[in-house]
Amino acid sequence: MRELTYVTPKPATLEDIQELVRDYAKAAENAMEAGFDGVEIHGANGYLIDAFLHHDSNRRTDEYGGTPAKMARFALEVVDAVVARIGKDRTGLRLSPGAYFNMATDSRDRAVFDYLLPELEQRDIAFVHIGIFDDSMEFDYLGGRASSYVRAHYGKTLVGVGSYSAQSASEAIAADKFDLIAIGRPFIANPDYVARVRASEELVPYSDDMLTTLV
Ligand SMILES: Cc1cc2nc3c(=O)[nH]c(=O)nc-3n(C[C@H](O)[C@H](O)[C@H](O)COP(=O)(O)O)c2cc1C
(Lines give C-alpha, C1' and ligand atoms only; values in the text may rest on other atoms or scores of the structure.)
Protein backbone atom coordinates (compact mmCIF):
# COMPACT_ATOMS: atom_id res chain seq x y z
CA MET A 1 0.00 0.00 0.00
CA ARG A 2 3.02 2.27 0.28
CA GLU A 3 4.85 4.01 -2.54
CA LEU A 4 7.27 1.27 -3.46
CA THR A 5 9.21 0.65 -6.61
CA TYR A 6 8.69 -2.83 -7.99
CA VAL A 7 10.93 -4.79 -10.30
CA THR A 8 9.86 -7.59 -12.61
CA PRO A 9 10.45 -10.82 -10.70
CA LYS A 10 12.63 -13.51 -12.20
CA PRO A 11 12.29 -17.23 -11.56
CA ALA A 12 14.53 -18.60 -8.81
CA THR A 13 17.27 -20.88 -10.08
CA LEU A 14 17.62 -24.34 -8.56
CA GLU A 15 20.62 -22.99 -6.63
CA ASP A 16 18.54 -20.05 -5.37
CA ILE A 17 15.91 -22.53 -4.16
CA GLN A 18 18.45 -24.64 -2.27
CA GLU A 19 19.82 -21.50 -0.65
CA LEU A 20 16.31 -20.30 0.26
CA VAL A 21 15.51 -23.63 1.95
CA ARG A 22 18.72 -23.30 3.98
CA ASP A 23 17.76 -19.70 4.84
CA TYR A 24 14.40 -20.78 6.26
CA ALA A 25 16.12 -23.39 8.46
CA LYS A 26 18.71 -20.86 9.60
CA ALA A 27 16.01 -18.30 10.39
CA ALA A 28 14.17 -20.91 12.48
CA GLU A 29 17.37 -21.74 14.33
CA ASN A 30 17.98 -18.03 14.96
CA ALA A 31 14.46 -17.70 16.36
CA MET A 32 15.13 -20.54 18.81
CA GLU A 33 18.40 -18.94 19.86
CA ALA A 34 16.55 -15.66 20.40
CA GLY A 35 14.26 -17.46 22.86
CA PHE A 36 11.08 -18.10 20.90
CA ASP A 37 9.04 -21.25 21.58
CA GLY A 38 8.57 -22.05 17.91
CA VAL A 39 8.15 -20.60 14.44
CA GLU A 40 5.27 -20.22 12.04
CA ILE A 41 6.55 -20.59 8.49
CA HIS A 42 4.75 -18.06 6.30
CA GLY A 43 3.31 -20.05 3.41
CA ALA A 44 0.23 -17.87 2.85
CA ASN A 45 -1.11 -14.74 1.16
CA GLY A 46 1.24 -14.50 -1.79
CA TYR A 47 4.49 -14.79 0.17
CA LEU A 48 7.25 -16.85 -1.41
CA ILE A 49 6.02 -20.34 -0.48
CA ASP A 50 2.45 -19.47 -1.48
CA ALA A 51 3.72 -18.22 -4.84
CA PHE A 52 4.77 -21.80 -5.60
CA LEU A 53 1.36 -23.19 -4.62
CA HIS A 54 -0.85 -21.33 -7.12
CA HIS A 55 -0.93 -21.57 -10.89
CA ASP A 56 -1.28 -17.80 -11.30
CA SER A 57 2.18 -17.27 -9.79
CA ASN A 58 3.91 -20.59 -10.48
CA ARG A 59 4.62 -20.87 -14.21
CA ARG A 60 7.65 -23.13 -13.74
CA THR A 61 8.21 -26.12 -15.98
CA ASP A 62 10.98 -27.74 -13.90
CA GLU A 63 10.67 -29.95 -10.82
CA TYR A 64 9.04 -27.08 -8.85
CA GLY A 65 6.07 -26.48 -11.17
CA GLY A 66 3.49 -28.03 -13.43
CA THR A 67 2.02 -30.77 -11.22
CA PRO A 68 0.60 -30.72 -7.67
CA ALA A 69 3.57 -32.68 -6.29
CA LYS A 70 6.08 -30.40 -7.99
CA MET A 71 4.27 -27.21 -6.96
CA ALA A 72 4.11 -28.43 -3.33
CA ARG A 73 7.76 -29.46 -3.33
CA PHE A 74 9.25 -26.13 -2.19
CA ALA A 75 6.77 -25.84 0.70
CA LEU A 76 7.57 -29.38 1.86
CA GLU A 77 11.32 -28.89 1.48
CA VAL A 78 11.13 -25.80 3.68
CA VAL A 79 9.00 -27.60 6.27
CA ASP A 80 11.37 -30.59 6.29
CA ALA A 81 14.43 -28.36 6.65
CA VAL A 82 12.88 -26.37 9.51
CA VAL A 83 11.67 -29.53 11.26
CA ALA A 84 15.13 -31.08 10.92
CA ARG A 85 16.65 -27.98 12.53
CA ILE A 86 14.23 -27.17 15.38
CA GLY A 87 11.80 -30.13 15.66
CA LYS A 88 8.25 -30.78 14.47
CA ASP A 89 6.71 -29.70 17.75
CA ARG A 90 8.11 -26.20 17.26
CA THR A 91 7.15 -25.83 13.61
CA GLY A 92 3.88 -24.39 12.30
CA LEU A 93 2.86 -23.34 8.80
CA ARG A 94 0.47 -20.71 7.50
CA LEU A 95 -1.37 -21.52 4.27
CA SER A 96 -3.93 -19.86 2.00
CA PRO A 97 -5.59 -22.48 -0.19
CA GLY A 98 -8.01 -19.82 -1.42
CA ALA A 99 -6.06 -17.41 -3.63
CA TYR A 100 -7.54 -13.98 -3.03
CA PHE A 101 -4.68 -11.65 -2.17
CA ASN A 102 -2.71 -10.20 -5.11
CA MET A 103 -3.41 -13.39 -7.03
CA ALA A 104 -5.97 -14.66 -9.52
CA THR A 105 -7.92 -17.75 -8.55
CA ASP A 106 -7.42 -20.90 -10.60
CA SER A 107 -9.53 -24.00 -9.97
CA ARG A 108 -6.44 -26.18 -10.59
CA ASP A 109 -4.95 -24.84 -7.32
CA ARG A 110 -7.27 -27.17 -5.42
CA ALA A 111 -5.29 -30.23 -6.54
CA VAL A 112 -2.07 -28.67 -5.18
CA PHE A 113 -3.55 -28.38 -1.69
CA ASP A 114 -5.24 -31.79 -2.00
CA TYR A 115 -1.70 -33.13 -2.37
CA LEU A 116 0.03 -30.85 0.15
CA LEU A 117 -2.28 -31.23 3.15
CA PRO A 118 -2.01 -35.04 3.60
CA GLU A 119 1.76 -34.72 3.11
CA LEU A 120 1.83 -32.16 5.92
CA GLU A 121 -0.37 -34.33 8.10
CA GLN A 122 2.22 -37.11 7.87
CA ARG A 123 4.90 -34.70 9.06
CA ASP A 124 2.95 -34.11 12.27
CA ILE A 125 3.96 -30.46 12.71
CA ALA A 126 2.63 -28.30 15.56
CA PHE A 127 -0.17 -26.64 13.57
CA VAL A 128 -1.45 -25.35 10.27
CA HIS A 129 -2.81 -21.80 10.36
CA ILE A 130 -5.16 -20.46 7.69
CA GLY A 131 -4.11 -17.14 6.14
CA ILE A 132 -7.20 -15.04 5.43
CA PHE A 133 -8.77 -11.73 6.44
CA ASP A 134 -12.36 -12.95 6.55
CA ASP A 135 -13.13 -16.63 7.01
CA SER A 136 -16.69 -16.18 5.79
CA MET A 137 -15.30 -15.92 2.22
CA GLU A 138 -16.22 -18.89 0.08
CA PHE A 139 -14.23 -20.31 -2.81
CA ASP A 140 -16.04 -22.29 -5.51
CA TYR A 141 -13.12 -24.59 -6.17
CA LEU A 142 -12.66 -25.37 -2.47
CA GLY A 143 -16.35 -26.09 -2.02
CA GLY A 144 -16.81 -23.32 0.55
CA ARG A 145 -14.65 -21.70 3.22
CA ALA A 146 -10.88 -22.17 3.23
CA SER A 147 -11.04 -23.35 6.85
CA SER A 148 -13.72 -26.00 6.10
CA TYR A 149 -11.68 -27.24 3.16
CA VAL A 150 -8.48 -27.56 5.24
CA ARG A 151 -10.39 -29.20 8.10
CA ALA A 152 -11.68 -31.85 5.71
CA HIS A 153 -8.21 -32.60 4.29
CA TYR A 154 -5.96 -32.16 7.31
CA GLY A 155 -6.66 -34.08 10.51
CA LYS A 156 -4.19 -32.41 12.87
CA THR A 157 -4.19 -29.12 14.81
CA LEU A 158 -5.75 -26.29 12.81
CA VAL A 159 -5.67 -22.60 13.71
CA GLY A 160 -8.56 -20.55 12.33
CA VAL A 161 -8.49 -16.80 11.72
CA GLY A 162 -10.31 -14.06 9.89
CA SER A 163 -12.77 -11.54 11.37
CA TYR A 164 -13.67 -13.67 14.39
CA SER A 165 -14.70 -12.31 17.77
CA ALA A 166 -14.01 -14.28 20.93
CA GLN A 167 -17.68 -15.30 20.86
CA SER A 168 -17.82 -16.41 17.22
CA ALA A 169 -14.46 -18.16 17.59
CA SER A 170 -15.67 -20.08 20.65
CA GLU A 171 -18.72 -21.20 18.73
CA ALA A 172 -16.59 -22.30 15.76
CA ILE A 173 -14.25 -24.26 18.04
CA ALA A 174 -17.22 -25.87 19.83
CA ALA A 175 -18.52 -26.87 16.38
CA ASP A 176 -15.08 -28.43 15.68
CA LYS A 177 -14.36 -26.13 12.71
CA PHE A 178 -10.80 -25.62 13.98
CA ASP A 179 -8.85 -26.13 17.21
CA LEU A 180 -7.49 -22.68 18.02
CA ILE A 181 -8.19 -19.11 16.96
CA ALA A 182 -5.69 -16.40 15.98
CA ILE A 183 -6.82 -12.87 16.70
CA GLY A 184 -5.23 -10.04 14.71
CA ARG A 185 -6.84 -6.62 14.41
CA PRO A 186 -8.73 -6.71 17.74
CA PHE A 187 -5.33 -7.21 19.42
CA ILE A 188 -3.91 -4.15 17.67
CA ALA A 189 -6.86 -2.12 18.98
CA ASN A 190 -6.80 -3.76 22.43
CA PRO A 191 -3.34 -4.75 23.68
CA ASP A 192 -5.14 -6.04 26.80
CA TYR A 193 -7.54 -8.08 24.60
CA VAL A 194 -7.42 -11.24 26.71
CA ALA A 195 -8.13 -9.43 29.97
CA ARG A 196 -10.99 -7.50 28.37
CA VAL A 197 -12.58 -10.63 26.92
CA ARG A 198 -12.25 -12.45 30.24
CA ALA A 199 -13.92 -9.57 32.07
CA SER A 200 -16.56 -9.14 29.31
CA GLU A 201 -15.43 -5.54 28.89
CA GLU A 202 -16.15 -3.54 25.77
CA LEU A 203 -13.47 -3.63 23.06
CA VAL A 204 -12.03 -0.63 21.25
CA PRO A 205 -12.95 -1.02 17.54
CA TYR A 206 -9.99 -1.52 15.17
CA SER A 207 -9.14 1.16 12.65
CA ASP A 208 -6.35 1.22 10.04
CA ASP A 209 -5.32 4.63 11.44
CA MET A 210 -3.99 2.80 14.50
CA LEU A 211 -1.20 1.32 12.36
CA THR A 212 0.52 4.70 12.03
CA THR A 213 1.32 4.66 15.73
CA LEU A 214 2.87 1.19 15.53
CA VAL A 215 5.81 2.16 13.31
C1 LIG B 1 -1.74 -4.54 9.60
C2 LIG B 1 -1.90 -5.95 9.18
C3 LIG B 1 -0.85 -6.61 8.56
C4 LIG B 1 -0.98 -7.95 8.15
N5 LIG B 1 0.07 -8.57 7.55
C6 LIG B 1 -0.07 -9.84 7.15
C7 LIG B 1 1.01 -10.51 6.52
O8 LIG B 1 2.09 -9.93 6.33
N9 LIG B 1 0.83 -11.79 6.12
C10 LIG B 1 -0.36 -12.44 6.33
O11 LIG B 1 -0.48 -13.61 5.97
N12 LIG B 1 -1.39 -11.85 6.95
C13 LIG B 1 -1.26 -10.57 7.35
N14 LIG B 1 -2.33 -9.96 7.96
C15 LIG B 1 -3.58 -10.72 8.16
C16 LIG B 1 -3.68 -11.23 9.60
O17 LIG B 1 -2.63 -12.14 9.87
C18 LIG B 1 -5.02 -11.93 9.84
O19 LIG B 1 -5.14 -13.09 9.02
C20 LIG B 1 -6.18 -11.00 9.52
O21 LIG B 1 -5.99 -9.73 10.11
C22 LIG B 1 -7.51 -11.61 9.99
O23 LIG B 1 -7.55 -11.75 11.37
P24 LIG B 1 -8.36 -10.67 12.29
O25 LIG B 1 -9.72 -10.53 11.70
O26 LIG B 1 -8.35 -11.28 13.66
O27 LIG B 1 -7.58 -9.38 12.20
C28 LIG B 1 -2.20 -8.63 8.37
C29 LIG B 1 -3.26 -7.96 9.01
C30 LIG B 1 -3.12 -6.64 9.40
C31 LIG B 1 -4.29 -5.95 10.07
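**Close-up views of a predicted model**

**View 1. T91 in strand β2.** T91 lies in strand β2; helices (H or I, at least four residues) and strands (E, at least two) are DSSP runs, numbered from the N terminus. The model is predicted: local features need pLDDT of at least 70, side-chain atom pairs count only at pLDDT 80 or more, and totals for chains, interfaces and linings use all residues. Residues are numbered from 1 along each chain as its sequence is written, and side-chain values use heavy atoms, with hydrogens and water left out. T91 counts as buried because its relative accessibility is 0% (buried is under 20% relative accessible area, exposed over 50%, partly exposed in between; 1.4 Å probe, protein chains only). Its side chain reaches the backbone oxygen of G87 at 2.8 Å. Leaving aside neighbours within four places in sequence, T91 is in contact (heavy atoms within 4.5 Å) with residues including V39, I41, V82 and F127.

**View 2. Strand β3 and its partners.** Strands β2 (residues 91–95) and β3 run parallel, joined by four bridges; two strands pair if DSSP finds at least two bridges between them. L95 stands opposite I130 in β3. Helix α4 (residues 109–123) carries the chain from β2 to β3 in a right-handed β-α-β crossover (with the strands pointing away from the viewer, the path from the first strand over the helix to the second runs clockwise). Two bridges join β3 to β4 (residues 158–160), again in parallel. V128 has L158 in β4 as its bridge partner. The chain crosses from β3 through α5 to β4, and this β-α-β crossover is right-handed.

**View 3. D134 in a loop.** D134 sits in the loop between β3 (127–130) and α5 (146–153). D134 is partly exposed, with a relative accessible area of 30%. Its side chain makes a polar contact with the side chain of S136 at 2.8 Å (a pair of N or O atoms within 3.5 Å; within protein, one must be able to donate a hydrogen and the other to accept it, and residues adjacent in sequence count only if both atoms are side-chain atoms). Not counting residues up to four places away in sequence, D134 touches G162 and S163.

View 4. An oxygen atom of the ligand is 2.4 Å from an N or O atom in the side chain of Y47. A ligand nitrogen is 2.8 Å from an N or O atom in the side chain of H42. A polar backbone atom of S163 is 2.7 Å from a ligand oxygen.
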